[in-house]
Amino acid sequence: MISIDYKDNRSIHEQIQDQIKSLIVNKIFTENEQLPSVRELSVSLTVNPNTVQKAYKQLENDGYIYSIKGRGNFVAPVSHAKDSKKIDELYESLTSAVKGLMYLGETAEKINSVINNIREEFI
């Protein structure tokens with residue numbers, strides 16, 4: 001499910017973090033589901049437990065997971081409270097991606113189609 005690409009320019013903890021985010025966003029991991037322990041994940045990926053802990057800590061700071069002392073890490077429920085800073089950052093990323101696609105010659109119709117397909121996955 002989670003794998004490390006040693007040719008990737010991102011650090012190992014960033015790769016772990018991004019892959020777990022993707023699993024949460026794509027609803028592979030569901031709300032309140034327990035994640036693998038730091039030790040289990042570090043053994044399965046053959047990485048230092050501190051690397052996994054760093055990824056989990058950042059995911060917790062970003063609001064994707066929460067931890068319960070002595071029990072582990074769990075997927076956070078979807079927050080209905082809007083985080084305007086995070087929303088602004090995501091819109092900036094989306095704007096940058098759309099501008100890049102348009103610069104490379106993609107049509108507005110194709111871009112809108114992709115966005116609509118993504119939206120439909122969440123309905």
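**Surface patches and salt bridges in a predicted model**

Patches here are built from residues with over 30% relative accessible area and no salt bridge, with nonpolar side chains (Val, Leu, Ile, Met, Phe, Trp, Tyr) joined within 5 Å and like charges joined within 9 Å. Accessible areas are from the Shrake-Rupley method with a 1.4 Å probe, and for residues only the protein chains shown count as cover. The model is a predicted one, where local features need pLDDT of at least 70 and side-chain atom pairs count only at pLDDT 80 or more, while totals for chains, interfaces and linings use all residues. Residues are numbered from 1 along each chain as its sequence is written, and side-chain values use heavy atoms, with hydrogens and water left out.

Helix α4 is the top contributor to the nonpolar patch, with three residues. Leucine 94 sits in α4, and its relative accessible area of 39% makes this leucine partly exposed. The scale is simple: buried is under 20% relative accessible area, exposed is over 50%, and partly exposed lies in between (1.4 Å probe, protein chains only).

There is also a charged patch. Asp83, Asp88, Glu89 and Glu92 gather on the surface as a patch of negative charge. Glutamate 92 belongs to helix α4, which covers residues 84-103. At 58% relative accessibility, glutamate 92 counts as exposed.

As for the overall layout, the chain has five helices and two strands, in the order α-α-α-β-β-α-α from the N terminus. Both kinds of element are DSSP runs numbered from the N terminus, helices being H or I with at least four residues and strands E with at least two. The C-alpha trace spans about 50 × 35 × 25 Å along its principal axes. Of the 123 residues, 23% count as buried. The chain exposes about 9100 Å², with carbon and sulfur atoms supplying 53% of that area. Taking contacts (heavy atoms within 4.5 Å) between residues at least 6 apart in sequence, 51% join residues at least 24 apart.

Now for the charges. The chain carries 15 positive and 17 negative charges, and their mean positions are 5 Å apart. Lys and Arg count as positive and Asp and Glu as negative, with His and the chain ends not counted; each charge is placed at NZ of Lys, CZ of Arg, CG of Asp or CD of Glu.

Side chains of opposite charge can pair when their charged atoms come close. Searching the whole structure turns up five salt bridges, each a side-chain nitrogen of Lys or Arg within 4 Å of a carboxyl oxygen of Asp or Glu. In one of them, glutamate 60 meets lysine 57 at 4.0 Å, N to O. These two are three residues apart in helix α3 (residues 49-61), so about one helical turn separates glutamate 60 from lysine 57. Glutamate 60 is partly exposed at 27% relative accessibility, and lysine 57 is partly exposed at 45%.

Another bridge pairs the side chains of arginine 10 and aspartate 8 at 2.6 Å, N to O. Arginine 10 is partly exposed, at 32%, and so is aspartate 8, at 23%. Lysine 110 and glutamate 106 form a salt bridge too, at 3.5 Å, N to O, with glutamate 106 partly exposed at 30% relative accessibility. Finally, salt bridges with shared partners link Asp8, Arg10 and Asp18 into one network.
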